[in-house]
Amino acid sequence: VIKKIPLSLLTIVMLFILTGCFGAKDLREVSISTAFAIDREQDGRYTVSVQIIKPSAAQASGGKGGGGGDEKSFLVVSNTEDTVFAALRGMLDRVKDKIFYSSAQVIVIGEGVAKAGVGDAIDFLLRDHETQYRTLVAVAKGVTAKEIIEQKFELSKVPGAYIQGTIKNSISTGFTQEVMLLEVARELATQGRDLCLPTITKSGDTTKTAGSVVFLEDKQVGLLDNYEVRGFLFATGEKLNTIIEVESPTDAKKKMNIEIHQNTAKKKLEWTEEGKPVFSIDIKVKANISEQSDSTDMEEDEFIKKLEQNCNKKIKDDIMASIKKCQSCNSDIFGFGAKVFDKNPNYWKDTKEKWNNEIYPNIDVKVDVDTKILRTGLVKKSLNIQ
Amino acid sequence: MSMLDKFSKKFFVKSKKNDQEQNQENIEEKIPKALADVKQRLKQEFELCDDFSIREIEFGKQKAKLAIMFIEGFTDKHVLSQNVIEPIIQYCDDNKEITVVEQLEKNVISASDIAKLSSLQESIDAILDGNAVLYIDGSEKAFKVGVRAPEKRAVEQPDTEVSIKGPREGFTENLKTNTILLRRKIKNTRFKIEEIKLGEQTKTNVVICYIQGVAKDEIIDEVRKRLSKIKTDAILATGYIEQYIQDDKFSVFPMVGNSEKPDKVAAKLLEGRVAIIADGTPTVLTVPFLFVETIQVPEDYFGEYYFGTFSRLLRLLALFIAIYLPAGYVALTMFHQKIIPFNLMITMAAARQGIPFSSFLEALFMIIVFEILREAGIRMPRAIGQAVSIVGAIVLGDAAVSAGIASAPIVIITALSGICSFINPPLMKINTILRIVYLIAANALGILGITILTIVVFTYLCNKRVFGVPYLTPFSPLTTEDLKDSFIVVPIWAMLSRPKAIANDNNRVRTKGKSLSKEDEDL
């Protein structure tokens with residue numbers, strides 16, 4: 001046994017020294033990607049574009065380079081192949097270092113892909129161990145996905161992170177929503193709930209996130225405008241910090257802005273005598289007045305009460321519009337089906353085949369909104385300009 | 001371990017039989033009756049020792065011949081002449097009823113420290129220890145008179161352990177001064193100081209200090225046993241003793257406490273520990289030494305308990321940073337880029353661009369540079385030390401970064417982990433080694449490697465015992481009661497008992513709690 005000890009010691013030492021590079025990949029030997037774009041060609045092949053940044057140029061402070069402000073900080077490489085992974089691998093004939101997927105901040109899906117079905121396109125992204133499930137996903141509208149990630153921004157040298165930031169701002173606008181890759185996979189795999197992805201367009205020198213795409217299974221079936229998305233978000237109880245424009249109780253022509261402080265939604269399922277499901281959504285909103293363009297004294301209870309009613313109506317209208325739109329294109333993004341599945345699995349089993357096409361478009365949804373105005377801001381009354 | 005034992009036997013062979021036999025003979029040799037024989041014998045022993053001197057005098061009316069032998073400079077000349085030689089020469093009473101020896105002892109010599117010797121070797125040892133020895137013609141007895149000259153160095157604040165609040169005194173090289181410093185703090189007859197001599201050539205005085213009834217008897221016995229087993233020719237510092245009495249021959253973690261501060265040692269004695277002081281070293285050893293003591297500092301107890309707790313946590317964090325930071329950085333940049341936050345990754349990638357070495361080699365290079373600078377800083381004369389720090393900071397740090405040989409983050413990381421390793425002085429040496437070992441593990445297997453090594457290190461630590469006490473007490477085995485003084489510090493009035501793992505079970509009450517009663521507070 002003693003004789004073997006030097007040998008085993010040597011083995012251990014060699015294990016440490018010789019396997020030093022197994023699986024290792026130094027940070028200086030990777031191409032850092034910040035955004036993916038997946039487009040579909042006419043012939044059904046995928047064009048995958050990857051935005052690769054140059055770290056030294058992209059560093060926020062500018063670093064030692066000094067005045068190299070105009071230096072291009074990123075490069076978009078694209079490649080067209082039958083599958084996404086093949087396209088990504090094919091890029092390596094033009095990119096020196098292996099592309100590092102984990103750092104991608106956003107995945108932009110072309111409209112063509114959305115219409116043909118996103119399932120195949122994101123399969124690789126879900127399967128690969130290097131991609132991050134927290135990456136945000138958006139659908140390009142009007143332009144190709146590649147054009148979106150080629151956009152250069154004045155304010156940031158990392159376009160992927162910039163686009164991600166604008167999507168995250170949706171919490172304040174309520175006009176689109178934030179969906180992670182993981183959530184895409186979850187929605188696609190959930191019975192009775194469909195996928196809804198934010199859309200992204202080009203607007204002058206920048207990109208713009210507004211509205212959403214609704215899916216049936218993994219195919220695009222319709223579009224929601226800004227207010228319909230807001231209604232959808234209210235109906236699902238997504239945390240919002242948006243503002244709502246309502247008519248002033250005293251003068252219908254004047255507008256007031258209400259800022260949402262807190263909002264919750266409760267979905268209830270009831271059954272009619274014929275055994276049809278009926279939904280009711282209870283929404284509770286706490287809000288502050290943030291802008292007023294007439295000069296009524298807001299301390300009056302009646303004024304506030306009326307304002308609350310106007311607000312209720314506005315939110316309810318948004319929600320109803322959103323439900324109508326979705327019902328018309330058979331996409332159950334609200335998860336009514338999932339609720340039925342939860343409460344009455346037997347009923348769901350019988351109807352799941354025809355849920356989207358026959359039952360869902362015709363169900364009744366009652367919406368009840370209860371707004372409470374908490375504060376009126378720092379001034380009670382608008383300035384009386386003289 | 002068997003292989004290590006073999007290894008140690010092979011390389012550290014000792015042949016001590018002859019020495020021991022010789023020693024035995026010397027101790028048995030009596031002091032010759034005739035003074036001439038004594039002189040001849042000692043002159044033979046001290047041949048070519050020019051600092052050895054003999055003063056011959058006569059005593060009383062009988063003209064008894066006496067000889068005082070001592071080592072020049074080692075003894076205090078004034079004390080010797082005033083308290084020993086002068087009374088002998090001036091003595092003229094002649095009491096024939098008692099012997100010369102008794103007269104000398106009882107009526108003449110006015111020095112306070114005096115002892116009768118009968119063995120020649122003992123008397124030689126006494127001379128070598130700075131005493132004057134008085135030989136009497138016609139008697140087999142000799143007197144040892146303690147007239148050792150006081151040490152030059154004063155009691156001052158030790159450089160190694162600086163305190164801001166609390167006592168500033170430190171131990172010196174003089175054993176007697178050191179025991180007095182302790183005795184002054186613990187005025188109790190149960191505070192025992194046992195003296196022994198170690199080292200066949202150096203014959204160093206070593207004392208074992210403990211408080212009877214507070215320290216466990218088993219531990220005291222074990223210390224005595226281990227010290228008596230030391231067979232060596234020289235004990236030049238307590239560091240020698242430390243290596244002999246350690247539980248583990250090849251220990252890499254500190255298993256014996258070192259301190260230069262009397263207040264710290266006194267506190268440890270009061271917890272039931274045993275201290276070992278050797279003549280000639282200002283560093284005092286305390287056993288058993290537990291891992292938790294590496295983060296304990298006297299000031300934790302003198303000041304605000306909440307800040308003590310904060311400092312303890314800070315020290316633990318520093319310990320962690322010192323060992324894991326470079327390894328963690330290498331693991332992240334080489335294997336797990338995925339878990340680095342995006343913005344940080346861009347910064348790191350930007351810094352890494354164009355660096356010709358992998359981050360492992362870079363880190364290893366910078367750590368070695370840091371250690372070289374540290375070593376140079378200690379060994380260099382103070383005046384040149386300044387130059388080293390300038391060269392280190394500017395040339396090696398800044399220039400390496402701007403030349404693109406090392407990246408800026410690695411300089412920060414090496415410097416930070418290096419500084420952190422200074423926070424726990426007892427662990428500084430092992431920290432340095434572990435940092436490099438962890439780095440290699442991180443390079444080989446990433447976080448997996450770090451994890452495996454962590455398991456190995458913790459298993460090793462959990463397995464250790466010092467003088468029968470598990471090394472990681474109170475964490476493992478968990479002693480809830482002793483946690484009051486671990487990573488937290490409770491106020492001093494709340495430290496109700498001495499450590500369970502160390503102190504004698506019969507005497508564990510330290511305080512009765514806060515003395516202010518409710519009524520007092522109301523007033």
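## A lysine–glutamate pair in chain B

K176(B) is partly exposed, with a relative accessibility of 47%; buried means under 20% relative accessible area, exposed over 50%, and partly exposed in between (1.4 Å probe, protein chains only). The model is predicted: local features need pLDDT of at least 70, side-chain atom pairs count only at pLDDT 80 or more, and totals for chains, interfaces and linings use all residues. Side-chain values use heavy atoms, with hydrogens and water left out, residues are numbered from 1 along each chain as its sequence is written, and chains are lettered from A and ligands numbered from 1 in the order in which they are written.

The side chain of K176(B) forms a salt bridge with that of E195(B) at 3.7 Å, N to O; a salt bridge is a side-chain nitrogen of Lys or Arg within 4 Å of a carboxyl oxygen of Asp or Glu. K176(B) belongs to helix α7 (residues 175–185) and E195(B) to strand β6 (residues 191–198) of chain B, so the pair ties together parts 19 residues apart in sequence. Helices (H or I, at least four residues) and strands (E, at least two) are DSSP runs, numbered from the N terminus. E195(B) is partly exposed, at a relative accessible area of 44%.

## Buried salt bridges

E362(B) and R352(B) meet through their side chains in a salt bridge of 2.5 Å, N to O. This pair links helix α14 (residues 359–379), which holds E362(B), with helix α13 (residues 342–352), which holds R352(B), ten residues apart. Both E362(B) and R352(B) are buried.

Within helix α14 of chain B, E371(B) and R374(B) are three residues apart, or about one helical turn. Their closest N and O atoms lie 2.7 Å apart in a salt bridge, and both residues are buried. E371(B) and R374(B) also belong to a network of salt bridges with E375(B), R379(B) and R435(B). Over all chains, the count is 43 salt bridges.

## Overall form of chain B

Chain B contains 19 helices and twelve strands. Its radius of gyration (over C-alpha atoms) is 30 Å, well over the 24 Å that the globule rule gives for 523 residues, so chain B is more spread out than a compact globule. The globule rule is 2.2 Å times the number of residues to the power 0.38. Of the 523 residues, 47% count as buried.

## Interface of chains A and B

The contact (heavy atoms within 4.5 Å) takes 29 residues from chain A and 26 residues from chain B. Across this interface the rule finds zero salt bridges.
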